[in-house]
Amino acid sequence: MIKYIFGAIIIVFVFLFKPLTSDFIQDYASALLEQKVKVTSIRIIPLRAEAYIADSNNTISATIVSIFPFKIRAYYSGNIEAFKTYHPLKGHGEATADIYFYEKLLVEGQASLYGSNAKVTVKELKDNWYVGVKATSLNLKMLQEQNDKEVKAKAELDFNLNFYTDANTSIDIHTKTLDISGTQIKDIDLNLKYEKDNFTISSSFKPPNFYKTNLDANGVFKDGNISTSTNIAFKDVKLDIDELKIDTKTFQTSLQTSSLGGHLNATYKKDMLYYDANSLHLSKVLKATGQKPLARGYLNFKGKINTKTLDANLLFNSPWIVASKQRVQKIKLNIPNLKFEDKKLTSSYKLSASYMKKLFSFRGNIYYKDKLKLNAKSNNFKGKTELHLEDKEFVLSMKKLDLYDIQQFASLEPIARGLIDLDAKGNFDKINFKLSTDATIKEHNVSAQADGSYTMKSKLLKSNFKASAALQKESFKISGKASYKKHLKLNAHSSSFGSQTLLKLEFEHFTFYTHNMDLDRLASALKKPKVLFGLVDVEAEGNLENIDFKIRSEKLSKDIKPEDIDGYISVNLNGQYTPKQLTLKDTIVMHYNKENVPLKFKAKIELTPPYKSKGSLIYKQDKIVVNSLSYENEQVKSDFLVDINELYLYRAIMANNFRGPLKAKAQYTDALNITTNSLGGELKAELKKNNLNINIKEVNAKKVAYLIDKDDLLERGYLNGNATYNIQTKTAKTDITLTSALLNGVNIDEKISTLNDLMGLNVINMSKSLLSNFSDTNNSQTDIQHLQFDVSLKDNKVNIDDVALRTEKFLIVALGNLQENGDINSLAISIVDKNGCAIITQALSGNIKEPKTAQTTSTIVNIMQRVPGSILDTGRKLIDFSTQTIDDVASFGAQQILGTDKNISITSDIVSGGFSLINYTSNIIMPQGCSVIYNGKVKHPKNLKRIKDEKEF
């Protein structure tokens with residue numbers, strides 16, 4: 001009953017004081033909203049008031065539905081800017097609310113704003129207030145448009161707000177798609193909880209072209225400052241922001257994180273963003289940005305960005321980065337003045353890096369407005385490199401790059417010297433290029449050119465190429481086509497050296513064929529020794545792991561004209577190559593007129609340490625069998641047998657025509673020992689690591705002569721001695737003796753003793769070889785009692801330590817030294833007397849293979865103190881005889897060897913003007929003695945006779 005009385009009183013009050021009530025509502029509402037409020041009407045039944053706020057379009061009405069409990073239903077339609085005192089937004093909205101008051105206030109309403117529908121609850125609790133808003137499909141585009149903002153974000157949001165004035169506050173936001181300036185973020189879920197000064201954020205979203213990402217934060221919001229730690233997770237990646245601080249008044253922000261391995265600091269203050277990173281792990285950075293961690297290394301960078309002008313600078317460096325097993329070191333990038341003006345970005349830059357111990361450096365400029373422009377310059381490899389990029393089109397020019405530097409950079413043996421040019425142009429779809437080089441490779445001039453294209457989409461590289469190398473007498477030329485898409489394809493051909501050569505390569509498989517390769521032309525072009533002459537066919541097929549090949553030739557000979565020699569060979573070999581083993585087999589046929597001698601040949605050679613090998617060459621009872629051969633710990637180890645009845649049968653495959661049987665065997669104990677008794681005595685060779693020792697014991701010189709096809713040279717003789725050679729130091733020493741030898745075809749004693757024969761003595765030929773005067777039609781013989789051959793090799797120089805020959809009457813010696821290649825430094829052949837003094841000396845120059853006479857001198861060895869006047873005439877005749885004899889020998893030697901008709905006088909140091917030293921009325925002074933030039937192992941025959949006489953006496 002009381003509630004009805006109370007309601008009646010209110011109605012009567014409003015009716016009696018209606019003008020006063022209207023003014024009160026206007027004044028109170030205007031002060032509350034800080035906007036003009038105009039009450040347009042007040043009704044009694046039902047009790048209803050109508051008004052507008054700021055503008056007549058912003059209408060509000062309220063109707064008292066019940067007095068007890070007190071309930072008012074309100075309705076608003078208009079721009080929410082009317083309530084700008086409490087928020088900054090504008091836009092048309094409509095709302096209906098029921099306001100209850102029964103001990104506490106309760107407001108329940110519905111509203112539509114920015115395309116959304118929302119339910120709103122305001123409730124007075126015991127000690128605080130609760131505000132709840134649940135909205136669907138809030139249109140962000142309408143929000144920005146109705147608030148006169150540029151539309152940068154588009155989305156329809158669903159959100160749920162639960163706000164307590166002195167307790168927890170939470171808000172949940174969800175949208176399927178958020179479009180920010182064309183970038184779409186999908187499936188956004190955000191939950192924010194706030195309790196007193198502490199808040200938590202839990203969210204998930206999917207950025208474009210990235211994984212679904214979760215972001216969680218815990219922090220404090222106090223006095224307008226946010227301090228929090230944050231973690232971001234996507235796929236199997238988790239990043240922790242150790243500290244994030246935001247001043248909501250100035251928006252100054254700073255963050256720190258060590259999730260990328262090192263430390264990353266960033267600060268935003270007064271439109272400036274400063275960043276600093278130390279020792280970030282590249283693999284973690286790649287993983288954090290959703291890239292495959294195909295590279296590793298450390299990153300350091302420092303810089304700043306003006307967020308208004310976008311002016312910036314960057315200094316980046318890395319001690320090293322490794323990618324695809326390639327290591328790049330000392331990387332530095334400096335961008336000192338990045339500017340953004342009139343929607344145009346410009347900057348200069350410097351980049352340097354060390355790769356394979358070589359420092360590369362680049363410099364250039366960047367320009368971007370509607371399209372990107374970039375240029376780069378470099379002087380790497382002593383050349384000039386320029387790159388110009390405009391939008392998607394680029395031009396690359398690399399001129400005069402030094403091939404020697406490139407080879408050193410690539411850790412290759414620098415066999416080529418010259419320059420290389422590369423020109424390329426294209427875009428990100430296709431690149432066309434040209435490459436050319438002129439170089440010198442091992443004294444040969446080589447030129448090469450290639451042109452082609454590379455297509456990005458298909459990843460296809462195509463090229464035509466050609467190359468030529470100027471050799472000794474002709475050029476080697478090759479040309480072809482190559483392509484690459486997932487694997488290499490190549491077709492090349494050549495007609496050099498009289499052949500037709502083809503090479504095809506696809507992926508790892510290749511075929512090679514050459515027909516009628518002229519070995520003579522090939523050896524001449526390559527400056528190699530001409531061992532065999534003829535035409536060869538070669539076929540090969542396989543890959544780098546397994547190659548089958550065939551070698552064919554119908555006629556190979558030791559001479560360029562097979563018809564002029566006795567014998568040639570035909571070859572039909574099959575083989576197989578792997579990185580671990582080389583196998584050869586089949587037949588070599590030797591042809592002699594109508595006789596054919598087939599040799600069965602096979603070999604197996606391991607190509608990895610210790611290089612174990614074995615093989616055989618067999619014809620009937622003849623055989624060469626290598627049971628084992630290896631090289632281990634700097635030592636050759638072998639077990640082989642040579643058993644040949646007649647070497648002459650194999651003259652077609654030997655460098656020299658050897659004769660006679662040969663049996664030899666080799667075994668390894670602590671060294672490799674090779675022994676043969678085929679030459680009468682014993683010849684042993686021992687190889688122990690780098691040391692080769694040869695011992696000769698009572699070897700029959702007659703059999704040696706027969707072996708070298710000089711069986712009529714010696715009638716008898718025996719060889720003894722030893723020789724040593726060090727393979728590593730290239731030092732050698734010999735001590736070899738020939739004794740009791742009888743030389744056929746020449747009588748050296750008679751030639752030297754007889755005056756006429758003496759004039760015909762060719763000393764050069766004697767120094768070159770005792771065999772050169774041999775004639776199989778001459779029945780003369782020389783008894784060589786002792787021939788000593790001691791020489792040594794050191795520092796590429798051959799020293800003649802003791803080379804001498806003793807016949808029955810004379811001693812001939814050689815003195816001097818020469819280079820290892822045969823060039824003579826100093827060499828003289830002398831006939832000496834019993835005292836070791838030179839009777840006649842012939843000096844030689846040039847090369848030992850083709851020596852030239854240099855100088856001839858003679859000495860009267862008879863020592864004369866004072867010659868009585870009665871025998872002056874005899875003495876004069878003796879001097880005339882001696883000097884004239886020597887001059888005749890010298891002149892004849894010059895005429896025969898040097899091709900001159902000039903007579904030479906070589907005794908002017910002893911006799912001048914024939915009689916100038918002979919005075920009938922004065923004493924004759926002759927040399928006081930002789931200069932001993934030889935005192936070696938070979939004794940003069942007169943000294944041997946004296947020793948024999950003394951013994952008999």
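Analyst: What follows is a conversation about strands, charged pairs, rings and cores in this structure.

User: What kind of model is it, and how are its residues numbered?
Analyst: This is a predicted model, in which local features need pLDDT of at least 70 and side-chain atom pairs count only at pLDDT 80 or more, while totals for chains, interfaces and linings use all residues. Residues are numbered from 1 along each chain as its sequence is written, and side-chain values use heavy atoms, with hydrogens and water left out.

User: How do strands β7 and β8 pair?
Analyst: Strand β7 (residues 116-124) and strand β8 (residues 129-139) are paired in the antiparallel sense, over 8 bridges. Helices (H or I, at least four residues) and strands (E, at least two) are DSSP runs, numbered from the N terminus, and two strands pair if DSSP finds at least two bridges between them. T121 stands opposite G132 in β8.

User: How many residues lie between β7 and β8 in the hairpin?
Analyst: The hairpin of β7 and β8 has 4 residues between the two strands.

User: Which residue of β10 does V131 stand opposite?
Analyst: V131 stands opposite F163 in β10. Strand β10 (residues 156-164) pairs with β8 over 8 bridges, in the antiparallel sense.

User: What aromatic pair do Y130 and Y164 form?
Analyst: The structure holds 6 aromatic pairs. The pair of Y130 and Y164 is tilted, with 4.9 Å centre to centre and 45° between the planes. Rings of Phe, Tyr and Trp (its six-membered ring) pair if their centres lie within 6.5 Å; planes under 30 degrees apart count as stacked, over 60 as edge-to-face and the rest as tilted. Y130 lies in strand β8 and Y164 in strand β10, so the pair ties together parts that are 34 residues apart in sequence.

User: Is Y130 buried or exposed?
Analyst: Y130 is buried, at 15% relative accessible area, whereas Y164 counts as partly exposed at 30% relative accessibility. Buried means under 20% relative accessible area, exposed over 50%, and partly exposed in between (1.4 Å probe, protein chains only).

User: What about Y194 and F221?
Analyst: Y194 and F221 form an edge-to-face aromatic pair, 6.2 Å centre to centre with 65° between the planes. This pair links distant parts of the chain, with Y194 in strand β12 (residues 183-195) and F221 in strand β14 (residues 213-222), 27 residues apart.

User: Let us change topic. How many salt bridges are there?
Analyst: The count comes to 14 salt bridges, where a salt bridge is a side-chain nitrogen of Lys or Arg within 4 Å of a carboxyl oxygen of Asp or Glu. As background, side chains of opposite charge can pair when their charged atoms come close.

User: Which residue does E390 pair with?
Analyst: E390 forms a salt bridge with K373, and the closest N and O atoms are 3.9 Å apart. E390 lies in strand β26 (residues 384-390) and K373 in strand β25 (residues 372-378), so this pair ties together parts that are 17 residues apart in sequence. E390 is partly exposed at 36% relative accessibility, and K373 is partly exposed at 33%.

User: Where do D405 and K382 lie?
Analyst: D405 and K382 form a salt bridge, their closest N and O atoms being 4.0 Å apart. D405 is in helix α5 (residues 403-409) and K382 is in the loop between β25 and β26, 23 residues apart. D405 counts as buried at 13% relative accessibility, while K382 counts as exposed at 62%.

User: Which ring does the charged end of R659 sit over?
Analyst: The charged end of R659 sits over the ring of Y648, 3.9 Å from its centre. A charge sits over a ring if NZ of Lys or CZ of Arg is within 6 Å of the ring centre and within 35 degrees of the ring normal. The charged end of K555 sits over the ring of Y568, 4.8 Å from its centre.

User: Finally, which residues touch the most other members of the largest nonpolar core?
Analyst: In this core of 52 residues, they are I569, M590, L599, Y650, L743 and I812. Strand β53 (residues 824-832) contributes the largest share, 4 residues. A nonpolar core is a set of buried Ala, Val, Leu, Ile, Met, Phe, Trp, Tyr and Cys residues joined through side-chain atoms within 4.5 Å.
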